[in-house]
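Group the points by topic, and keep to what can be read from the model itself.

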Amino acid sequence: MQTVEERRKRGPQTPLIRLRDIHKAFGDHQVIRGFDLELYEGENVVIIGKSGSGKSVLLKCIVRLLQADKGQIEVLGHNLEAIDQYSLDQLRVDVGFLFQGSALYDSMTVRENLEFPLRRHPERMGEEAEEKLIREALDSVGLGSAIDLMPEELSGGMKRRIALARTLILKPKVILYDEPTSGLDPITSKEIIQLIMDIQEKYNTAALIITHDMDCARVISNRVVILVEGTNYAEGTYEELYRSEDPKVQAFFK
Ligand SMILES: Nc1ncnc2c1ncn2[C@@H]1O[C@H](COP(=O)(O)OP(=O)(O)OP(=O)(O)O)[C@@H](O)[C@H]1O
């Protein structure tokens with residue numbers, strides 16, 4: 001994992017993700033009002049903001065599940081405005097998304113849940129190669145033995161691990177995490193945070209992480225962006241922001 005200082009020393013790099021002046025409204029409700037962000041290789045950037053401030057909307061715009069009204073989004077060298085369907089499918093392989101909650105398909109076994117993203121891959125691989133990827137992803141989250149279980153047989157923490165395995169299976173370069181520890185007890189949350197960091201190390205992925213869990217933000221981030229009133233209001237390391245005297249920033253650390 002690259003620290004902010006290391007990146008500063010290395011000088012300018014091309015960001016994996018770059019958002020410029022993003023705006024997004026739903027009807028009269030202007031949610032995002034000029035948001036900028038850059039995510040560099042090896043970084044874990046945490047976005048914090050009040051409930052309903054637009055954090056999930058931002059992540060969805062990055063993989064075009066939602067379309068920004070204005071502004072520029074570049075992801076892994078693609079300008080999303082000009083992207084064709086094939087490149088968008090490929091981009092959704094390279095950018096993994098761990099949705100809020102675990103969102104496993106209840107009527108499918110763990111194996112079938114993990115097969116799902118493989119079917120979406122622009123180029124299908126053979127059955128043997130798919131089986132290998134499923135086993136590898138499950139082993140990465142320490143749940144190789146759960147392959148034939150149904151979601152109802154899994155604890156909340158196990159479901160989250162399986163969802164993470166499903167995100168990992170296509171070996172993304174970047175992972176977008178939408179509240180990876182929400183609804184979990186503190187011990188299970190710590191395990192998931194550790195797992196995310198282990199995965200980062202093993203697969204060398206960069207991550208954008210939305211969380212309300214300040215402990216998660218402290219441990220996992222090398223940069224934090226605070227979303228206030230639709231803009232990137234403040235940005236820095238957790239410690240820099242923790243020491244900020246700005247009341248709008250301080251409100252998140254109380
Ligand atoms: N598809 C949609 N249609 C209409 N409004 C939407 C849609 N998606 C999001 N919104 C609205 O945009 C606002 C921001 O939603 P978003 O889910 O991004 O918040 P959030 O910061 O992730 O909140 P939380 O921390 O509670 O998950 C909310 O008011 C929400 O109702």
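Predicted model: local features only at pLDDT ≥ 70, side-chain atom pairs only at ≥ 80, totals over all residues.

**Ligand shell, sheet and a helix pair**

The residues of the shell around the ligand divide into 3 nonpolar, 6 polar and 1 charged.

**Around the ligand**

- The residues found around the ligand are F26, V31, G49, S51, G52, S53, G54, K55, S56 and V57.
- Helix α2, which spans residues 55-62, supplies the largest share of the shell around the ligand, namely 3 residues.

**The open sheet**

- Four strands form an open sheet in the order β2-β1-β4-β5, and the pairing in this sheet is antiparallel.
- The edge strands are β2 (29-39) and β5 (78-79), each of which pairs on one side only.
- As a general point, the strands of a sheet pair through backbone hydrogen bonds, and this pairing may be either parallel or antiparallel.
- Strand β1, made of residues 17-26, pairs with β4 in the antiparallel sense over 5 bridges, and within this pairing R18 has E74 of β4 as its bridge partner.
- Strand β4, made of residues 70-75, also pairs with β5 in the antiparallel sense, here over 2 bridges, and the bridge partner of E74 in β5 is N79.
- E74 therefore has a bridge partner in each direction, as R18 is paired with E74 of β4 and E74 is in turn paired with N79 of β5, by the DSSP bridges that define strand pairing.
- The hairpin of β4 and β5 has 2 residues between the strands, and in this hairpin L76 takes a positive phi near 50 degrees.

**The pair of helices α6 and α7**

- The axes of helix α6 (residues 156-168) and helix α7 (residues 186-203) come within 10 Å of each other and cross at roughly 15 degrees.
- Because angles under 35 degrees count as roughly parallel, this crossing makes α6 roughly parallel to α7.
- The crossing of α6 and α7 is right-handed.
- On the α6 side the contact is made by G156, G157, R160, R161, L164 and L168, while on the α7 side it is made by T188, E191, I192, L195, I199 and Y203.
- The residues in this contact of α6 with α7 divide into 6 nonpolar, 3 polar and 3 charged.

Key
Residues numbered from 1 in each chain as written. Near = placed C-beta within 6 Å. Nonpolar A, V, L, I, M, F, W, Y, C, P; charged D, E, K, R; others polar. Axes fitted to C-alpha atoms, helices over the stretch in contact; angles between N-to-C directions. Parallel < 35°, antiparallel > 145°, perpendicular 65-115°, else oblique. Left-handed = near helix turned anticlockwise from the far one by under 90°. Contact = placed C-beta atoms within 7 Å.
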